[in-house]
Amino acid sequence: MTHLLNVKDLRAYYGQVQALHGLSFSLNEGSLTTLLGANGAGKTTTLRAICNMVRSTGGIEFDGKPLNNRSTESIVRYGIAHVPQGRGTFTTMTVEENLQLGAITRKDSTNIVADIERMYAHFPVLKQRHTQQAGTLSGGEQQMLAVARALMLRPRLMLLDEPSFGLAPLVVRDLFGILGKINREDKVTILVVEQNAQLALELADQAYVIETGRIVMSGKAKDIASNEDIRKSYLGY
Amino acid sequence: MELFTNQILAGIATGAIYACMALAVVMIYQAIDHLNFAQGEMAMFATFISWQLMQWGVPYWGAFVLTLIFAFIGGIAIERILFKPLAKAPILTNVAGFIALFAIINSCAGLIWDFTIKQYPTPFGSAPFLGSQLISTHQAGMIGVTVLLLVALFFFFQYTRIGLAMRAAAALPESARLVGINTSWMIALGWGMASAIGAIAGMLIAPVVFLEPNMMGGVLIYGFAAAVLGGLTSPFGAVVGGFLMGIFENLAGTYIPGVGNELKLPIALALIISVLVVKPAGLFGRHIVKRV
(Lines give C-alpha, C1' and ligand atoms only; values in the text may rest on other atoms or scores of the structure.)
Protein backbone atom coordinates (compact mmCIF):
# COMPACT_ATOMS: atom_id res chain seq x y z
CA MET A 1 0.00 0.00 0.00
CA THR A 2 1.19 3.49 -0.73
CA HIS A 3 1.10 6.38 1.67
CA LEU A 4 -1.30 9.16 0.70
CA LEU A 5 -0.15 11.47 3.46
CA ASN A 6 3.28 11.48 5.03
CA VAL A 7 4.02 13.69 8.01
CA LYS A 8 7.61 13.84 9.26
CA ASP A 9 8.93 15.60 12.35
CA LEU A 10 6.10 18.13 12.40
CA ARG A 11 6.55 21.01 14.82
CA ALA A 12 3.93 23.72 15.16
CA TYR A 13 3.92 27.02 17.02
CA TYR A 14 1.38 29.51 18.30
CA GLY A 15 3.50 32.63 18.66
CA GLN A 16 6.36 31.56 20.96
CA VAL A 17 4.54 28.50 22.26
CA GLN A 18 5.38 25.20 20.65
CA ALA A 19 2.34 22.95 20.33
CA LEU A 20 3.72 20.00 18.36
CA HIS A 21 7.12 18.49 19.14
CA GLY A 22 8.19 16.45 16.14
CA LEU A 23 5.14 14.48 15.13
CA SER A 24 5.49 11.75 12.50
CA PHE A 25 2.78 9.60 11.01
CA SER A 26 1.43 8.44 7.69
CA LEU A 27 -1.91 7.51 6.20
CA ASN A 28 -2.43 4.64 3.78
CA GLU A 29 -4.50 5.38 0.73
CA GLY A 30 -8.09 4.36 1.43
CA SER A 31 -7.59 3.99 5.18
CA LEU A 32 -9.70 5.37 7.99
CA THR A 33 -7.39 6.59 10.69
CA THR A 34 -8.15 8.18 14.01
CA LEU A 35 -5.95 10.51 16.00
CA LEU A 36 -6.75 10.27 19.70
CA GLY A 37 -5.68 12.22 22.72
CA ALA A 38 -6.78 14.38 25.60
CA ASN A 39 -7.67 18.05 25.47
CA GLY A 40 -4.71 20.17 24.45
CA ALA A 41 -2.67 17.21 23.20
CA GLY A 42 -2.30 18.82 19.77
CA LYS A 43 -4.92 17.01 17.72
CA THR A 44 -6.53 20.11 16.24
CA THR A 45 -3.13 21.69 15.73
CA THR A 46 -2.03 18.67 13.69
CA LEU A 47 -4.98 19.07 11.32
CA ARG A 48 -4.45 22.81 11.11
CA ALA A 49 -0.76 22.32 10.34
CA ILE A 50 -1.59 19.99 7.45
CA CYS A 51 -3.71 22.79 5.90
CA ASN A 52 -1.11 25.44 6.77
CA MET A 53 -3.41 27.31 9.14
CA VAL A 54 -0.75 27.45 11.85
CA ARG A 55 3.01 28.10 11.62
CA SER A 56 4.88 24.82 11.39
CA THR A 57 8.13 23.17 10.32
CA GLY A 58 8.80 19.63 9.18
CA GLY A 59 7.77 17.63 6.17
CA ILE A 60 4.19 17.18 5.01
CA GLU A 61 3.80 15.27 1.78
CA PHE A 62 0.51 14.56 0.06
CA ASP A 63 0.65 12.01 -2.74
CA GLY A 64 4.37 12.67 -3.03
CA LYS A 65 3.99 16.45 -3.27
CA PRO A 66 5.24 18.68 -0.43
CA LEU A 67 2.53 20.86 1.14
CA ASN A 68 4.78 23.14 3.15
CA ASN A 69 4.46 26.85 2.47
CA ARG A 70 1.41 26.43 0.25
CA SER A 71 -1.63 28.54 1.03
CA THR A 72 -4.61 26.88 2.69
CA GLU A 73 -6.76 27.37 -0.39
CA SER A 74 -4.23 25.76 -2.73
CA ILE A 75 -3.86 22.77 -0.38
CA VAL A 76 -7.63 22.32 -0.53
CA ARG A 77 -7.39 22.30 -4.31
CA TYR A 78 -5.15 19.21 -4.11
CA GLY A 79 -8.21 17.36 -2.81
CA ILE A 80 -7.88 17.73 0.95
CA ALA A 81 -11.19 18.58 2.61
CA HIS A 82 -11.00 19.84 6.17
CA VAL A 83 -14.07 19.89 8.41
CA PRO A 84 -12.92 22.22 11.18
CA GLN A 85 -13.87 22.24 14.81
CA GLY A 86 -17.17 24.09 15.11
CA ARG A 87 -18.01 22.86 11.60
CA GLY A 88 -17.36 26.12 9.72
CA THR A 89 -20.92 26.27 8.44
CA PHE A 90 -21.87 29.35 6.43
CA THR A 91 -24.78 30.04 8.75
CA THR A 92 -26.29 32.94 6.82
CA MET A 93 -26.49 30.95 3.58
CA THR A 94 -28.87 28.23 2.59
CA VAL A 95 -28.09 24.55 2.90
CA GLU A 96 -27.82 24.25 -0.88
CA GLU A 97 -25.46 27.23 -1.11
CA ASN A 98 -23.25 25.58 1.50
CA LEU A 99 -23.05 22.49 -0.69
CA GLN A 100 -22.27 24.56 -3.77
CA LEU A 101 -19.47 26.27 -1.84
CA GLY A 102 -17.95 22.87 -1.12
CA ALA A 103 -17.55 22.41 -4.89
CA ILE A 104 -16.52 25.98 -5.62
CA THR A 105 -13.08 24.97 -6.93
CA ARG A 106 -14.48 22.39 -9.33
CA LYS A 107 -15.09 23.18 -12.98
CA ASP A 108 -17.46 20.31 -13.90
CA SER A 109 -20.79 22.02 -13.26
CA THR A 110 -23.00 19.15 -14.50
CA ASN A 111 -21.39 16.70 -12.08
CA ILE A 112 -21.81 19.19 -9.25
CA VAL A 113 -25.58 19.11 -9.66
CA ALA A 114 -25.49 15.31 -9.58
CA ASP A 115 -23.23 15.35 -6.52
CA ILE A 116 -25.64 17.61 -4.64
CA GLU A 117 -28.35 15.02 -5.30
CA ARG A 118 -25.98 12.31 -4.09
CA MET A 119 -25.48 14.23 -0.85
CA TYR A 120 -29.24 14.50 -0.42
CA ALA A 121 -29.40 10.72 -0.80
CA HIS A 122 -26.70 10.28 1.88
CA PHE A 123 -28.37 12.85 4.17
CA PRO A 124 -32.12 13.02 3.45
CA VAL A 125 -32.63 15.67 6.15
CA LEU A 126 -30.55 18.12 4.11
CA LYS A 127 -32.88 17.74 1.15
CA GLN A 128 -35.88 18.62 3.30
CA ARG A 129 -34.11 21.75 4.43
CA HIS A 130 -32.23 22.72 1.29
CA THR A 131 -33.64 26.26 1.07
CA GLN A 132 -33.30 26.93 4.80
CA GLN A 133 -30.59 29.10 6.33
CA ALA A 134 -27.89 26.71 7.52
CA GLY A 135 -27.76 28.45 10.90
CA THR A 136 -31.26 27.19 11.66
CA LEU A 137 -30.22 23.52 11.48
CA SER A 138 -29.65 21.54 14.67
CA GLY A 139 -26.12 20.64 15.72
CA GLY A 140 -26.33 17.16 14.24
CA GLU A 141 -27.78 18.43 10.97
CA GLN A 142 -25.04 21.04 10.75
CA GLN A 143 -22.42 18.35 11.21
CA MET A 144 -24.05 16.33 8.40
CA LEU A 145 -23.97 19.47 6.28
CA ALA A 146 -20.30 20.03 7.09
CA VAL A 147 -19.42 16.47 6.04
CA ALA A 148 -21.53 16.80 2.89
CA ARG A 149 -19.90 20.14 2.06
CA ALA A 150 -16.46 18.56 2.42
CA LEU A 151 -17.48 15.65 0.16
CA MET A 152 -18.61 18.09 -2.53
CA LEU A 153 -14.93 18.73 -3.17
CA ARG A 154 -14.62 15.08 -4.23
CA PRO A 155 -11.68 14.91 -1.86
CA ARG A 156 -9.03 12.22 -1.77
CA LEU A 157 -8.39 12.96 1.88
CA MET A 158 -10.89 14.17 4.43
CA LEU A 159 -9.81 15.65 7.77
CA LEU A 160 -12.45 15.78 10.47
CA ASP A 161 -11.95 17.66 13.71
CA GLU A 162 -14.07 16.17 16.51
CA PRO A 163 -17.21 15.50 14.49
CA SER A 164 -18.92 14.06 17.58
CA PHE A 165 -18.53 17.26 19.59
CA GLY A 166 -21.80 18.38 21.18
CA LEU A 167 -23.90 15.71 19.49
CA ALA A 168 -26.27 13.20 21.06
CA PRO A 169 -24.86 9.63 21.15
CA LEU A 170 -27.42 8.34 18.64
CA VAL A 171 -26.59 11.12 16.17
CA VAL A 172 -22.88 10.33 16.56
CA ARG A 173 -23.53 6.66 15.71
CA ASP A 174 -25.42 7.74 12.60
CA LEU A 175 -22.68 10.09 11.54
CA PHE A 176 -19.90 7.56 12.10
CA GLY A 177 -21.87 5.00 10.13
CA ILE A 178 -22.00 7.41 7.21
CA LEU A 179 -18.27 8.15 7.51
CA GLY A 180 -17.51 4.44 7.31
CA LYS A 181 -19.71 4.12 4.25
CA ILE A 182 -18.03 7.07 2.54
CA ASN A 183 -14.64 5.55 3.27
CA ARG A 184 -15.61 2.15 1.82
CA GLU A 185 -17.77 3.19 -1.12
CA ASP A 186 -16.23 6.46 -2.28
CA LYS A 187 -12.64 5.41 -1.44
CA VAL A 188 -12.01 8.60 0.49
CA THR A 189 -9.09 8.40 2.91
CA ILE A 190 -10.24 9.77 6.24
CA LEU A 191 -8.35 11.14 9.24
CA VAL A 192 -10.64 11.78 12.16
CA VAL A 193 -9.58 13.51 15.34
CA GLU A 194 -11.62 12.45 18.35
CA GLN A 195 -11.98 12.66 22.10
CA ASN A 196 -14.63 9.97 21.98
CA ALA A 197 -11.99 7.24 21.76
CA GLN A 198 -14.24 4.23 22.17
CA LEU A 199 -16.44 5.07 19.22
CA ALA A 200 -13.58 6.27 17.05
CA LEU A 201 -11.68 3.01 17.59
CA GLU A 202 -14.73 1.01 16.50
CA LEU A 203 -14.87 3.02 13.30
CA ALA A 204 -11.20 3.30 12.36
CA ASP A 205 -8.74 0.73 11.07
CA GLN A 206 -5.58 2.63 12.11
CA ALA A 207 -5.07 4.70 15.25
CA TYR A 208 -2.50 7.10 16.65
CA VAL A 209 -2.47 8.35 20.22
CA ILE A 210 -0.98 11.75 20.81
CA GLU A 211 0.11 13.34 24.08
CA THR A 212 1.50 16.87 24.54
CA GLY A 213 2.44 17.20 20.91
CA ARG A 214 4.06 13.78 20.44
CA ILE A 215 2.83 10.45 19.09
CA VAL A 216 2.98 7.99 21.99
CA MET A 217 1.24 5.02 20.43
CA SER A 218 0.26 3.74 17.03
CA GLY A 219 -1.17 0.60 15.55
CA LYS A 220 -4.29 -1.14 14.37
CA ALA A 221 -7.41 0.32 15.94
CA LYS A 222 -8.61 -3.01 17.28
CA ASP A 223 -5.25 -3.76 18.92
CA ILE A 224 -5.26 -0.42 20.70
CA ALA A 225 -8.88 -0.86 21.71
CA SER A 226 -8.15 -4.28 23.21
CA ASN A 227 -5.03 -3.18 25.12
CA GLU A 228 -6.28 -2.36 28.59
CA ASP A 229 -3.12 -0.49 29.69
CA ILE A 230 -3.29 1.92 26.79
CA ARG A 231 -6.98 2.42 27.25
CA LYS A 232 -6.63 3.25 30.91
CA SER A 233 -3.59 5.49 30.73
CA TYR A 234 -4.30 7.41 27.55
CA LEU A 235 -7.87 7.07 26.51
CA GLY A 236 -9.67 7.21 29.85
CA TYR A 237 -12.21 4.43 29.50
CA MET B 1 -51.39 66.90 -3.61
CA GLU B 2 -49.50 67.74 -6.77
CA LEU B 3 -46.84 69.48 -4.70
CA PHE B 4 -46.56 66.33 -2.62
CA THR B 5 -46.09 63.94 -5.57
CA ASN B 6 -43.66 66.35 -7.16
CA GLN B 7 -41.60 66.49 -3.99
CA ILE B 8 -41.57 62.71 -3.80
CA LEU B 9 -40.38 62.54 -7.42
CA ALA B 10 -37.65 65.09 -6.82
CA GLY B 11 -36.67 63.16 -3.70
CA ILE B 12 -36.35 59.94 -5.64
CA ALA B 13 -34.20 61.74 -8.18
CA THR B 14 -31.71 63.05 -5.60
CA GLY B 15 -32.03 59.76 -3.77
CA ALA B 16 -30.67 57.93 -6.83
CA ILE B 17 -27.33 59.67 -6.30
CA TYR B 18 -27.18 58.67 -2.66
CA ALA B 19 -28.27 55.16 -3.55
CA CYS B 20 -25.41 54.73 -6.04
CA MET B 21 -22.85 55.96 -3.55
CA ALA B 22 -24.34 53.83 -0.78
CA LEU B 23 -24.04 50.76 -3.03
CA ALA B 24 -20.32 51.38 -3.43
CA VAL B 25 -19.94 51.88 0.32
CA VAL B 26 -21.75 48.60 1.08
CA MET B 27 -19.62 46.68 -1.43
CA ILE B 28 -16.39 47.56 0.36
CA TYR B 29 -17.93 47.21 3.80
CA GLN B 30 -18.97 43.65 2.89
CA ALA B 31 -15.46 42.82 1.77
CA ILE B 32 -13.38 44.33 4.58
CA ASP B 33 -15.75 45.46 7.36
CA HIS B 34 -14.66 49.08 7.11
CA LEU B 35 -16.25 52.22 5.70
CA ASN B 36 -14.05 53.61 2.97
CA PHE B 37 -13.78 57.37 3.54
CA ALA B 38 -11.96 57.78 0.24
CA GLN B 39 -14.82 56.23 -1.74
CA GLY B 40 -16.09 59.63 -2.89
CA GLU B 41 -12.63 60.79 -3.93
CA MET B 42 -12.04 57.60 -5.92
CA ALA B 43 -15.33 58.26 -7.71
CA MET B 44 -14.39 61.89 -8.33
CA PHE B 45 -11.02 60.91 -9.77
CA ALA B 46 -12.62 58.39 -12.10
CA THR B 47 -15.10 61.04 -13.22
CA PHE B 48 -12.20 63.35 -14.07
CA ILE B 49 -10.63 60.55 -16.13
CA SER B 50 -13.84 60.22 -18.14
CA TRP B 51 -13.97 64.01 -18.58
CA GLN B 52 -10.36 64.03 -19.79
CA LEU B 53 -11.11 61.24 -22.27
CA MET B 54 -14.05 63.24 -23.63
CA GLN B 55 -11.81 66.30 -23.90
CA TRP B 56 -9.55 64.17 -26.07
CA GLY B 57 -12.49 63.38 -28.31
CA VAL B 58 -13.68 60.00 -27.04
CA PRO B 59 -17.51 59.80 -27.29
CA TYR B 60 -19.53 59.65 -24.03
CA TRP B 61 -20.22 55.92 -23.87
CA GLY B 62 -16.69 55.05 -24.95
CA ALA B 63 -15.33 57.22 -22.16
CA PHE B 64 -17.87 55.68 -19.79
CA VAL B 65 -16.72 52.12 -20.46
CA LEU B 66 -13.00 52.99 -20.42
CA THR B 67 -13.50 54.77 -17.09
CA LEU B 68 -15.23 51.75 -15.60
CA ILE B 69 -12.29 49.57 -16.61
CA PHE B 70 -9.85 52.13 -15.20
CA ALA B 71 -11.81 52.39 -11.93
CA PHE B 72 -12.05 48.59 -11.60
CA ILE B 73 -8.31 48.09 -12.06
CA GLY B 74 -7.53 51.14 -9.93
CA GLY B 75 -9.68 49.81 -7.08
CA ILE B 76 -7.88 46.48 -7.18
CA ALA B 77 -4.50 48.23 -7.29
CA ILE B 78 -5.35 50.38 -4.24
CA GLU B 79 -6.34 47.27 -2.30
CA ARG B 80 -3.22 45.33 -3.31
CA ILE B 81 -0.77 48.16 -2.62
CA LEU B 82 -2.33 49.98 0.34
CA PHE B 83 -4.86 47.90 2.19
CA LYS B 84 -3.73 44.30 1.80
CA PRO B 85 -0.69 45.04 4.00
CA LEU B 86 -3.08 46.63 6.55
CA ALA B 87 -5.45 43.66 6.64
CA LYS B 88 -4.41 42.58 10.13
CA ALA B 89 -3.78 46.10 11.47
CA PRO B 90 -6.10 47.72 14.04
CA ILE B 91 -9.16 49.61 12.82
CA LEU B 92 -7.61 53.03 13.49
CA THR B 93 -4.68 52.22 11.23
CA ASN B 94 -7.12 51.46 8.45
CA VAL B 95 -9.03 54.67 9.13
CA ALA B 96 -5.77 56.63 8.91
CA GLY B 97 -5.09 54.85 5.61
CA PHE B 98 -8.49 55.85 4.25
CA ILE B 99 -8.02 59.48 5.27
CA ALA B 100 -4.56 59.56 3.71
CA LEU B 101 -5.96 58.11 0.50
CA PHE B 102 -8.71 60.74 0.59
CA ALA B 103 -6.18 63.58 0.84
CA ILE B 104 -3.83 62.08 -1.75
CA ILE B 105 -6.50 61.58 -4.41
CA ASN B 106 -8.10 64.95 -3.72
CA SER B 107 -4.79 66.81 -4.06
CA CYS B 108 -3.70 64.87 -7.12
CA ALA B 109 -6.98 65.72 -8.87
CA GLY B 110 -6.51 69.37 -7.95
CA LEU B 111 -2.94 69.31 -9.20
CA ILE B 112 -3.81 67.69 -12.53
CA TRP B 113 -7.13 69.37 -13.32
CA ASP B 114 -7.15 72.39 -10.90
CA PHE B 115 -10.06 73.42 -8.71
CA THR B 116 -12.20 75.36 -11.19
CA ILE B 117 -15.70 74.04 -11.72
CA LYS B 118 -16.21 72.19 -15.02
CA GLN B 119 -19.32 71.39 -17.01
CA TYR B 120 -19.99 67.68 -17.40
CA PRO B 121 -22.29 66.26 -20.11
CA THR B 122 -25.25 63.96 -19.59
CA PRO B 123 -26.21 61.23 -22.06
CA PHE B 124 -29.87 61.51 -21.12
CA GLY B 125 -30.48 65.18 -21.98
CA SER B 126 -31.98 67.63 -19.52
CA ALA B 127 -35.52 68.18 -20.80
CA PRO B 128 -38.41 67.87 -18.32
CA PHE B 129 -39.22 64.20 -17.85
CA LEU B 130 -42.83 63.33 -18.83
CA GLY B 131 -43.77 66.99 -18.52
CA SER B 132 -42.74 67.30 -14.89
CA GLN B 133 -40.73 70.38 -13.99
CA LEU B 134 -39.15 68.77 -10.97
CA ILE B 135 -37.53 65.80 -12.62
CA SER B 136 -35.45 65.95 -15.77
CA THR B 137 -34.63 63.20 -18.22
CA HIS B 138 -31.15 63.09 -16.69
CA GLN B 139 -32.53 62.41 -13.24
CA ALA B 140 -34.88 59.80 -14.65
CA GLY B 141 -31.89 58.18 -16.37
CA MET B 142 -30.01 58.23 -13.08
CA ILE B 143 -32.84 56.42 -11.31
CA GLY B 144 -32.95 53.87 -14.13
CA VAL B 145 -29.21 53.21 -14.00
CA THR B 146 -29.28 52.80 -10.21
CA VAL B 147 -32.10 50.28 -10.37
CA LEU B 148 -30.38 48.40 -13.21
CA LEU B 149 -27.17 48.30 -11.24
CA LEU B 150 -28.95 46.90 -8.22
CA VAL B 151 -30.63 44.18 -10.29
CA ALA B 152 -27.32 43.28 -11.92
CA LEU B 153 -25.59 43.06 -8.53
CA PHE B 154 -28.41 40.93 -7.17
CA PHE B 155 -28.03 38.42 -9.99
CA PHE B 156 -24.26 38.49 -9.67
CA PHE B 157 -24.28 37.69 -5.96
CA GLN B 158 -27.21 35.30 -6.00
CA TYR B 159 -26.67 33.26 -9.14
CA THR B 160 -22.99 33.26 -10.08
CA ARG B 161 -20.31 31.11 -8.52
CA ILE B 162 -17.90 33.99 -8.13
CA GLY B 163 -20.66 35.99 -6.40
CA LEU B 164 -21.26 33.08 -4.04
CA ALA B 165 -17.52 32.83 -3.37
CA MET B 166 -17.36 36.57 -2.61
CA ARG B 167 -20.24 36.29 -0.15
CA ALA B 168 -18.60 33.30 1.53
CA ALA B 169 -15.26 35.08 1.82
CA ALA B 170 -16.96 38.10 3.40
CA ALA B 171 -19.04 36.04 5.82
CA LEU B 172 -16.45 33.55 7.11
CA PRO B 173 -12.94 33.97 5.69
CA GLU B 174 -11.46 30.91 7.38
CA SER B 175 -14.21 28.56 6.21
CA ALA B 176 -14.01 30.09 2.76
CA ARG B 177 -10.30 29.24 2.56
CA LEU B 178 -11.13 25.70 3.65
CA VAL B 179 -13.35 25.21 0.61
CA GLY B 180 -10.55 26.55 -1.57
CA ILE B 181 -11.58 30.17 -2.06
CA ASN B 182 -8.75 32.65 -2.45
CA THR B 183 -10.22 35.17 0.01
CA SER B 184 -7.53 37.75 -0.54
CA TRP B 185 -8.44 38.08 -4.22
CA MET B 186 -12.13 38.16 -3.38
CA ILE B 187 -11.47 41.26 -1.29
CA ALA B 188 -9.53 42.84 -4.14
CA LEU B 189 -12.39 42.03 -6.50
CA GLY B 190 -14.81 43.69 -4.07
CA TRP B 191 -12.67 46.83 -4.14
CA GLY B 192 -12.60 46.80 -7.92
CA MET B 193 -16.36 46.47 -8.15
CA ALA B 194 -16.98 49.14 -5.51
CA SER B 195 -14.62 51.47 -7.30
CA ALA B 196 -16.42 50.90 -10.61
CA ILE B 197 -19.83 51.46 -9.01
CA GLY B 198 -18.50 54.66 -7.44
CA ALA B 199 -17.29 55.76 -10.86
CA ILE B 200 -20.79 55.26 -12.27
CA ALA B 201 -22.19 57.34 -9.40
CA GLY B 202 -19.61 60.06 -10.04
CA MET B 203 -20.32 60.26 -13.76
CA LEU B 204 -24.07 60.46 -13.10
CA ILE B 205 -23.74 63.09 -10.38
CA ALA B 206 -21.25 65.32 -12.18
CA PRO B 207 -23.85 66.93 -14.50
CA VAL B 208 -25.86 67.93 -11.40
CA VAL B 209 -23.18 69.12 -8.97
CA PHE B 210 -20.57 70.01 -11.63
CA LEU B 211 -17.11 68.54 -11.82
CA GLU B 212 -14.46 69.65 -9.32
CA PRO B 213 -12.20 67.88 -6.81
CA ASN B 214 -14.55 68.49 -3.87
CA MET B 215 -17.74 67.49 -5.65
CA MET B 216 -18.26 64.28 -3.65
CA GLY B 217 -17.92 65.66 -0.12
CA GLY B 218 -21.62 66.15 0.62
CA VAL B 219 -22.69 63.20 -1.51
CA LEU B 220 -20.51 60.75 0.37
CA ILE B 221 -21.99 61.77 3.73
CA TYR B 222 -25.45 61.10 2.34
CA GLY B 223 -24.18 57.85 0.86
CA PHE B 224 -22.82 56.71 4.24
CA ALA B 225 -26.05 57.75 5.91
CA ALA B 226 -28.13 55.89 3.32
CA ALA B 227 -26.00 52.77 3.70
CA VAL B 228 -26.31 52.82 7.48
CA LEU B 229 -30.04 53.49 7.27
CA GLY B 230 -30.64 50.59 4.88
CA GLY B 231 -28.27 48.26 6.69
CA LEU B 232 -24.57 48.01 5.87
CA THR B 233 -24.86 44.35 4.98
CA SER B 234 -27.55 44.75 2.33
CA PRO B 235 -27.04 46.23 -1.17
CA PHE B 236 -30.82 46.34 -1.56
CA GLY B 237 -31.12 48.17 1.76
CA ALA B 238 -28.48 50.66 0.66
CA VAL B 239 -30.45 51.58 -2.44
CA VAL B 240 -33.75 51.84 -0.57
CA GLY B 241 -31.96 53.86 2.12
CA GLY B 242 -30.66 56.22 -0.59
CA PHE B 243 -34.11 56.81 -2.04
CA LEU B 244 -35.64 57.25 1.44
CA MET B 245 -32.98 59.81 2.31
CA GLY B 246 -33.75 61.80 -0.82
CA ILE B 247 -37.50 61.70 -0.30
CA PHE B 248 -37.38 62.55 3.38
CA GLU B 249 -34.94 65.38 2.82
CA ASN B 250 -37.26 66.94 0.24
CA LEU B 251 -40.45 66.48 2.24
CA ALA B 252 -38.89 67.89 5.40
CA GLY B 253 -37.59 70.89 3.47
CA THR B 254 -41.06 71.60 2.03
CA TYR B 255 -43.50 70.80 4.80
CA ILE B 256 -41.81 71.39 8.14
CA PRO B 257 -41.83 75.14 8.77
CA GLY B 258 -38.45 76.71 9.36
CA VAL B 259 -36.46 73.79 7.95
CA GLY B 260 -35.86 74.99 4.39
CA ASN B 261 -32.64 74.18 2.60
CA GLU B 262 -30.28 74.80 5.49
CA LEU B 263 -31.69 72.29 7.94
CA LYS B 264 -32.57 69.50 5.46
CA LEU B 265 -29.37 67.60 6.12
CA PRO B 266 -29.46 67.66 9.94
CA ILE B 267 -33.12 66.64 9.89
CA ALA B 268 -32.41 63.72 7.60
CA LEU B 269 -29.49 62.61 9.74
CA ALA B 270 -31.59 62.92 12.89
CA LEU B 271 -34.10 60.57 11.27
CA ILE B 272 -31.34 58.06 10.67
CA ILE B 273 -30.21 58.18 14.26
CA SER B 274 -33.79 57.56 15.35
CA VAL B 275 -34.06 54.55 13.04
CA LEU B 276 -30.81 53.13 14.32
CA VAL B 277 -31.83 53.51 17.94
CA VAL B 278 -34.83 51.31 17.19
CA LYS B 279 -33.15 49.01 14.64
CA PRO B 280 -29.36 48.99 15.05
CA ALA B 281 -28.83 46.70 12.05
CA GLY B 282 -30.56 49.22 9.76
CA LEU B 283 -33.84 48.74 7.96
CA PHE B 284 -32.69 45.76 5.88
CA GLY B 285 -29.64 44.63 7.84
CA ARG B 286 -29.11 40.93 8.10
CA HIS B 287 -30.92 39.12 10.85
CA ILE B 288 -28.93 36.09 11.77
CA VAL B 289 -31.09 33.23 12.90
CA LYS B 290 -29.03 30.93 15.02
CA ARG B 291 -29.73 27.81 16.96
CA VAL B 292 -27.34 26.95 19.75
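This is a predicted model, in which local features need pLDDT of at least 70 and side-chain atom pairs count only at pLDDT 80 or more, while totals for chains, interfaces and linings use all residues. Residues are numbered from 1 along each chain as its sequence is written, and chains are lettered from A and ligands numbered from 1 in the order in which they are written.

Q: How many residues of chain A are in contact with chain B, and how many of chain B with chain A?
A: Two residues are in contact if their C-beta atoms, placed from the backbone, lie within 7 Å. The contact joins chain A and chain B through 20 residues of chain A and 19 residues of chain B.

Q: Which helices of chain A each supply at least two residues of the side that touches chain B?
A: Helices (H or I, at least four residues) and strands (E, at least two) are DSSP runs, numbered from the N terminus. The helices of chain A that each supply at least two residues of this side are H2 (72-77) and H3 (95-102).

Q: What is the strand order of the open sheet of six strands in chain A?
A: Two strands pair if DSSP finds at least two bridges between them. The pairing in this sheet is mixed. Strands E6 (80-83) and E10 (214-220) of chain A are the edges, each pairing on one side only. The order is E6-E7-E8-E3-E9-E10.

Q: Which residue in E10(A) stands opposite Val209(A)?
A: Strand E9 (residues 206-211) of chain A pairs with E10(A) in the antiparallel sense over six bridges. Opposite Val209(A) stands Met217(A).
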